[in-house]
Amino acid sequence: MTTTTYAIALGSNRRGRFGSPAETVRAALEAIGVVVAVSPIVTSAPVGPSARIFANAAALVESDESPPEMLARLKTIEHEFGRRRGQRWGARVIDLDIVLWSEGAWHDSALTIPHSAFRSRDFVLAPLAAIAPDWRDPLTARSVRQLRALLTRRRPVS
């Protein structure tokens, strides 16, 4: 089987059995497996109704798993860390999302790669730009660095 690379976004905004959200992100990185690059952990404001600050990071993971197999592994890790399905955008112990895949795009009923919202989320793009600035979005052909520049340029100056 061919080894491919996945860009994974990690986030936590609730203490879990591993400690603080940042410690939980570090523990999730260890649980994921063959991590070849990891960004610094950054903090970000929540999206939606949650009031808790997030710890976010991005990782590049090598695997011979197909996208559905990788998704299943990430969902298993989330479950083992104590994540339960509930309110969308609510507080969570851990959130693991496949953002990009070295083989391009993927779509089935359970998974879409690239992640549908990653282009509009600086808490994904900033960490990802730290480790894979030249990785190109297979749908827009823009690099992660370019996507981040477009996003941050659009923000109103306060």
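**View 1. Packing of the buried residues of helix α1 in the predicted model.** The residues of α1 that are buried are Pro21, Thr24, Val25, Ala27, Ala28, Leu29 and Ile32. Residues three or four places apart in an α-helix point the same way, because such a helix has 3.6 residues a turn.

**View 2. Span and end of helix α1.** Gly33 follows α1 and has a positive phi, near 125 degrees.

**View 3. The largest nonpolar core.** This core contains 24 residues, of which Ile8, Leu10, Ile32, Leu96 and Ile98 touch the most other members. Two or more residues come from each of β1, α1, β4, α2 and β5. Helix α1 gives the most, with five residues. Apart from this core lies another, of 17 residues, including Leu60, Val99, Phe118 and Ile131.

**View 4. Surroundings of Leu10.** Leaving aside residues up to four places away in sequence, Leu10 touches Val25, Ala28, Leu29 and Ile32, among others. Its contacts also include Ala55, Asn56, Ala57, Ala58 and Ala59, as well as Asp95 and Leu96. Leu10 is itself among the residues that touch the most other members of the largest nonpolar core.

**View 5. Salt bridge between Asp137 and Arg119.** The closest N and O atoms of Asp137 and Arg119 are 2.4 Å apart. This pair links distant parts of the chain, 18 residues apart: Asp137 lies in the loop between α3 (122-131) and α4 (144-154), and Arg119 in the loop between β7 (112-113) and α3. Asp137 counts as buried because its relative accessible area is 1%, whereas Arg119, at 22%, is partly exposed.

**View 6. Salt bridge between Arg148 and Asp122.** Here the closest N and O atoms are 2.6 Å apart. The bridge joins helix α4, which holds Arg148, to helix α3, which holds Asp122, across 26 residues of the chain. Arg148 has 31% relative accessibility and is therefore partly exposed, while Asp122, at 15%, counts as buried.

**View 7. Salt bridge between Glu65 and Arg73.** Glu65 and Arg73 form a salt bridge whose closest N and O atoms are 2.7 Å apart. Arg73 is partly exposed, with a relative accessible area of 22%. The model has five salt bridges in its count.

Notes. Residues numbered from 1 in each chain as written. Predicted model: local features only at pLDDT ≥ 70, side-chain atom pairs only at ≥ 80, totals over all residues. Heavy atoms only, no water. Buried < 20%, exposed > 50% of the residue type's maximum accessible area, 1.4 Å probe, protein only. Helix = DSSP H or I, 4+ residues; strand = E, 2+ residues; numbered from the N terminus. Salt bridge = Lys/Arg side-chain N within 4 Å of Asp/Glu carboxyl O. Core = buried A, V, L, I, M, F, W, Y, C linked by side-chain atoms within 4.5 Å. Contact = heavy atoms within 4.5 Å.
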